[in-house]
Amino acid sequence: MKKLVIGILAHVDAGKTTLSEGILYRSGMIRKIGRVDNKDAFLDTYALEKERGITIFSKQANFRWKNMEVSLLDTPGHVDFSAEMERTLQVLDAAVLVISGADGVQGHTQTLWQLLKRYRIPAFLFINKMDQNGTDREALREELKTRLDEGCVDFGEGFTEAFYEQCAVCDETALDMFLEKGSLPEEELGRLIRERKLFPCFYGSALKLTGVDEFLDGLERFAGSPAYGPAFGAKVFKIARDEQGNRLTYMKITGGSLQVKTTLCNAGKDGAGKTAPSDREVWEEKINQIRIYSGDKYELVNEVQAGSVCAVTGLHHTHPGEGLGMEQASAAPVLEPVLTYSIRLPEDCPVPVMLPRLRQLEEEEPELHIVWDERLQEIQAQVMGEVQIEILKSLIRERFGTDVEFGAGNIVYKETITEPVEGVGHFEPLRHYAEVHLLLEPGEQGSGLVFAADCSEDILDRNWQRLVLTHLEEKDHRGVLTGSVITDMKITLLTGRSHLKHTEGGDFRQATYRAVRQGLMQARSILLEPWYQFRLEVPEKMVGRAMMDIEKMYGIFDTPRTEGEMAVLTGSAPVFTMRDYQKDVIAYTKGYGRLFCTLLGYRPCHNAEEVIENTGYDPERDTENPTGSVFCAHGAGFVVPWDKVKDYMHLECRILQREAAEEENGFSPKAKAPSEPEWMGVEEIDEILARTYRSNQKNKDISQKGGWNGRVSRHSAPPPKEPVYKGKDSNRIAGKKEKYLLVDGYNVIFAWEDLKSLAEVSIDGARGRLQDILCNYQGIVRCQVIVVFDAYRVQGHTTEILDYHNIHVVYTREAETADQYIEKFTHENGKKYEITVATSDGLEQIIIRGQGCRLLSARELALEVEQVNGRLREEYLEQQKTDKNYLLHALSEKARRQVEKIQEDETS
């Protein structure tokens, strides 16, 4: 018999629980269909689920249909409980995606679709509520193909030639088979479904049991059962507690079998039986019970085979996503909370008592990230939204008898870096020793943290290498801008050293943590914030208001399109600016507008400077995350600050990094964010440079202040063999450098009042006006003009270089600001050309001045443009005086003489 684990997913109110009830009823599992409205649904067993009419916790039910035995996992549909749903995906053999026929594909539906794609889960679609007025089967077919995948094919109208043709176009092999035979065998359809090239769609009404049998028949025929090996393996996907408080570990058996009283251990022992270093926590615990749940009831069994889902008691150290036996741990979840709330306790409830209790909830919901903030003296939790807050308050009241309140939500920020650095850490108090060198590299957007080792075992024993990687993984490492966790980085162990007698496991923990922090202090750090991907539907006449709102929220959007009487805008925007916009949409559209938001991921923060200043984080005062290292001399340990630690290292750095210039003005590693223009005079810049150690030496090998944290690596962009731009009218003369003018486009636009006013109406108009002004300017001064615009918020954008009449226009790549592009250009070409940079950015002026380039503020550029235009007008007027163009001058010599003779005759 085919054994399957199937999950059922949907946007909230699509009818997911109703379909589950229909499936269980038609399969004979239950005798009466429950209703969400009647609060008697078989799988909604928790009191709050019945009260609110939504699924909060994933549940299990088991049923049989013909030659198929199924463990059905019902998952939450509300976006606030997406983490619970995503953990369940890790153990599915196939998924059922329920879509409301009345509402179509909604925002959260597309999020679910992307998750199924990420986890490579075959998907069956059930389009529900087709009995409601206004549903259009043909229109829904087109929407599924357009917004989900071309492989969505209707399986409910018979296996005709047209049906096989739609299936065949999903795959070349299937197409060849169809062209040869005119149909496709059942095995070929199953292969296409398993490979996620074909997605069967069934239409019906779960409430009226229409289409449910056809759907179950299709599931039984085409869903594939995976093959399992003989070696034991299990994937933990959920932690919960029963009514007696017993800790339950939910898992899917992915190999072999599991018996009661079996002793399980975590990854502390490898296949060869070698135990991990003593510093790592290794547990061995015995299975007391194996429970097979169905709804809120369960059956005790002595053994479960591979492919089964069960809950076991007796394990107290497991966590969701953990792999047991031969099974590997799961990757970090995609969906995670983006808001942090403070938990306010009643006066009679001390923190030391309540904090361990809240840790129990964190075991069941790891994304809560319960922490005690020593500086603010408060307990903090990360939460998805208001509904989850209500559920948490109810859980705490029910389990612990305490009424808590939640403070205002704050955005969860993250940090990353933009260039590779080598971080070093050393820990050597008396009778201890460890040294670690790490390579920190920026990773792909959304990649999280990746850890690797590139160290010879002749230098550092494999046991210690694994321990370093363990310490990298076990902690949320904090950035140096706001103390937020780091992400989108690859951290590689380069080298390290231990001592035969004095090294203990904890020494490498300290050295590893310090190496990460020391590397972050050197790097160019960027503050990241969460962004929403949105779909906004408003009446067509209100699309202008909607576009203006999104621009004010620092969002980006595609060209609006019309669907009936509604205009549709799709794009992305920061969570910070958009999280309360739903209320505004309902207000100004009088209830006709709809906004669907899904978490897109993390992007550069739109107001990084403001956030960093408000946070007030000082990385060198963070005692829990030290940046320096500990060395030993004369029998006592001493601390070396991060910027001098490389001088004391016992191992040479494998990657040469320039030391940051010593700064006497107390410049701290803070990010440079786009800000309002601020003009600085040349005298002020020279004074700052004179105060800065070695800055007036014009030594290009010395790092200059600038960038996100005040230190810029000048080796990040090697000089090209040819100049970046070669104009056709190049004015290069032997022995004389060609002249270039680089203009920071948006900086100048918002510094010139006339362009700033125009930008408030149309930013495109302001850009075009500036380019026209610079075209006229170039025509007089005859130098190469390059105007640079930021495009770093445009997802996936690459550097774009265009010619606009006689000037060059550059749109920077994603995550690169105009400042960064100009810095790179001046560094690479400063010796070859005579470069002038027009900007009023204070830090940028310092960097450009340090490169030996000429500097113009936005105000000075405006004066120079005005002078050039004045000179142009004077030359034109002078030409009008000297080059008279009367009618007689335009005539031929013969005609002119005839006209003059006629004039003479008339006068005589």
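**Exercise 1. What does the accessible surface of the protein come to, and what share belongs to carbon and sulfur atoms?**

Start with the method: Shrake-Rupley with a 1.4 Å probe. The total is about 43300 Å², and carbon and sulfur atoms hold 47% of that. Next, burial: 51% of the 908 residues are buried (under 20% relative accessible area, 1.4 Å probe, protein chains only).

Some housekeeping: this is a predicted model, where local features need pLDDT of at least 70, side-chain atom pairs count only at pLDDT 80 or more, and totals for chains, interfaces and linings use all residues. Residues are numbered from 1 along each chain as its sequence is written, and side-chain values use heavy atoms, with hydrogens and water left out.

**Exercise 2. Which strands stand at the edges of the open sheet of 7 strands?**

Write down the order, 2-3-1-4-5-7-6, with mixed pairing (strands are DSSP E runs of at least two residues, numbered from the N terminus; pairing takes at least two DSSP bridges). Now read off the ends: strand 2 (59-65) and strand 6 (152-154) each have a single partner strand, so one side of each lacks a neighbour in the sheet. For strand 6, look at strand 7 (residues 199-203): they pair in the parallel sense over 3 bridges, with Val 153 bridged to Pro 200.

**Exercise 3. At what angle do the axes of helix 20 and helix 21 cross?**

For helix 20 (residues 753-761) and helix 21 (residues 763-781), that gives roughly 145°, with the axes coming within 6 Å (helices are DSSP H or I runs of at least four residues). Lastly, the residues that meet include Leu 755 and Leu 758 from helix 20, and Ile 763 and Leu 770 from helix 21.

Key: Axes fitted to C-alpha atoms, helices over the stretch in contact; angles between N-to-C directions. Contact = heavy atoms within 4.5 Å. Buried < 20%, exposed > 50% of the residue type's maximum accessible area, 1.4 Å probe, protein only.
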